[in-house]
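Open the model in your viewer and keep the sequence panel beside it.

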Amino acid sequence: MAQKQPKPPQAPNAKAEAVLPPKQGQRNARGMMGLPPKWVENLREMPPEEQERFMNNNERFQSLPAERQAQIRQNLRRWNSLTPEQRNDLRNRVQVWEGLTPQQRQEVRTELLPKWQALPQERKQVLRGRLRELKDLNEEQRQARLHDANFLRGLDAGEQQMLRQLSDLRLGASP
């Protein structure tokens, strides 16, 4: 008996424009060339066997260039290897990113991310630890910690600024 082609589930109240695929050469909100919004996210929620079955039976996926198919498969393998906590952290970061204004996204790309990437690994670890301490605080508590000299001890002025920016963006462990 022929198998039905599985379709990724869609949000029940999704707006029409949210389910339309991007035009040729356009990027969707995830920066995925030619893929409908939420397509990869829906694949991530499937068990690996269903992911593979979907990709093998989906005409749109099969019509992608081989390099793009390989990239998607590799991304799914990495996703499948994450712990549930890591997946939740990533989902939260994606949600925060989608909530940023275009101006905020540009600031992250052009200012914050290059500074983060230039940091030595040890300094990134220190900042990640401080961000974890701020993670579950309410706004008042978070602001108090960000202005507490003891909390900021050992961070230079640039790192303190970066910590505040990352905390304000609620990006969690890193941009």
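**Whole chain**

Colour by secondary structure first. This is a predicted model, and its chain contains eleven helices and zero strands. Followed along the sequence, the pattern is α-α-α-α-α-α-α-α-α-α-α. Now colour by accessibility: of the 175 residues, 29% count as buried. For contacts between residues at least 6 apart in sequence, 50% join residues at least 24 apart.

**Helix 3 and helix 5**

Two packed helices are described by the angle between their axes and the distance between the axes. Select helix 3 (48-57) and helix 5 (residues 66-81). Their axes come within 11 Å and cross at roughly 170°. Angles over 145 degrees count as roughly antiparallel, and helix 3 and helix 5 are therefore roughly antiparallel to each other.

Show side chains at the contact. From helix 3, display P48, Q51, E52, M55 and N56; from helix 5, display I72, R73, L76 and N80, which they meet.

Keep E52 and R73 on screen. Their side chains form a salt bridge, with 2.5 Å from N to O. How exposed is E52? E52 is partly exposed, at a relative accessible area of 34%. R73 is buried, at 18%.

**E45 and R91**

Select E45 and R91 next. The two form a salt bridge whose closest N and O atoms are 3.0 Å apart. E45 sits in the loop between helix 2 (39-44) and helix 3, while R91 sits in helix 6 (residues 84-99), so this pair ties together parts that are 46 residues apart in sequence. E45 counts as exposed, with 52% relative accessibility. R91 is partly exposed, with a relative accessible area of 32%.

**Helix 9 and helix 11**

Move to helix 9 (residues 139-146) and helix 11 (residues 157-169). These helices pack at an angle of about 170°, and their axes are 11 Å apart. That makes helix 9 roughly antiparallel to helix 11. On the helix 9 side, the contact is made by R142, Q143 and L146; on the helix 11 side, by L163, R164, S167 and D168.

Within this contact, pick out D168 and R142. They form a salt bridge, and the closest N and O atoms are 3.2 Å apart. The pair links distant parts of the chain, with D168 in helix 11 and R142 in helix 9, 26 residues apart. D168 is partly exposed, with a relative accessible area of 49%, whereas R142 is buried, with a relative accessible area of 3%.

**A salt-bridge network**

Select E133, R145 and D148 together. Salt bridges that share partners join these residues into one network. How many salt bridges are there by this rule? The count comes to eight.

**Charges over rings**

Side chains of Arg can also be viewed against aromatic rings. Select R44 and W79: R44 lies over the face of W79, 4.5 Å from the ring centre. Then select R130 and F151, where R130 lies over the face of F151 at 5.7 Å from the ring centre. There is no ring-to-ring stop on this tour: a search of the whole structure finds zero aromatic pairs.

Centre the view on L155, in the loop between helix 10 (149-152) and helix 11. Is L155 buried or exposed? L155 is buried, with a relative accessible area of 7%.

Show what L155 touches, leaving aside residues up to four places away in sequence: R123, V126, L127, R130, Q160 and L163. R130 is the residue that lies over the face of F151, and L163 takes part in the contact between helix 9 and helix 11.

**W116**

For the last stop, select W116 in helix 7 (residues 102-118). W116 counts as buried, with 4% relative accessibility. Label the distance from W116 to E159: C-alpha to C-alpha they are 9.2 Å apart in space, and they are 43 residues apart in sequence.

Notes. Residues are numbered from 1 along each chain as its sequence is written. This is a predicted model: local features need pLDDT of at least 70, side-chain atom pairs count only at pLDDT 80 or more; totals for chains, interfaces and linings use all residues. Side-chain values use heavy atoms; hydrogens and water are left out. Rings of Phe, Tyr and Trp (its six-membered ring) pair if their centres lie within 6.5 Å; planes under 30 degrees apart count as stacked, over 60 as edge-to-face and the rest as tilted. A charge sits over a ring if NZ of Lys or CZ of Arg is within 6 Å of the ring centre and within 35 degrees of the ring normal. A salt bridge is a side-chain nitrogen of Lys or Arg within 4 Å of a carboxyl oxygen of Asp or Glu. Helices (H or I, at least four residues) and strands (E, at least two) are DSSP runs, numbered from the N terminus. Buried means under 20% relative accessible area, exposed over 50%, partly exposed in between (1.4 Å probe, protein chains only). Axes are lines fitted to C-alpha atoms, for helices over the stretch in contact, and angles run from 0 to 180 degrees between N-to-C directions. Angles under 35 degrees count as roughly parallel, over 145 as roughly antiparallel, 65 to 115 as roughly perpendicular and the rest as oblique. Contact means heavy atoms within 4.5 Å.
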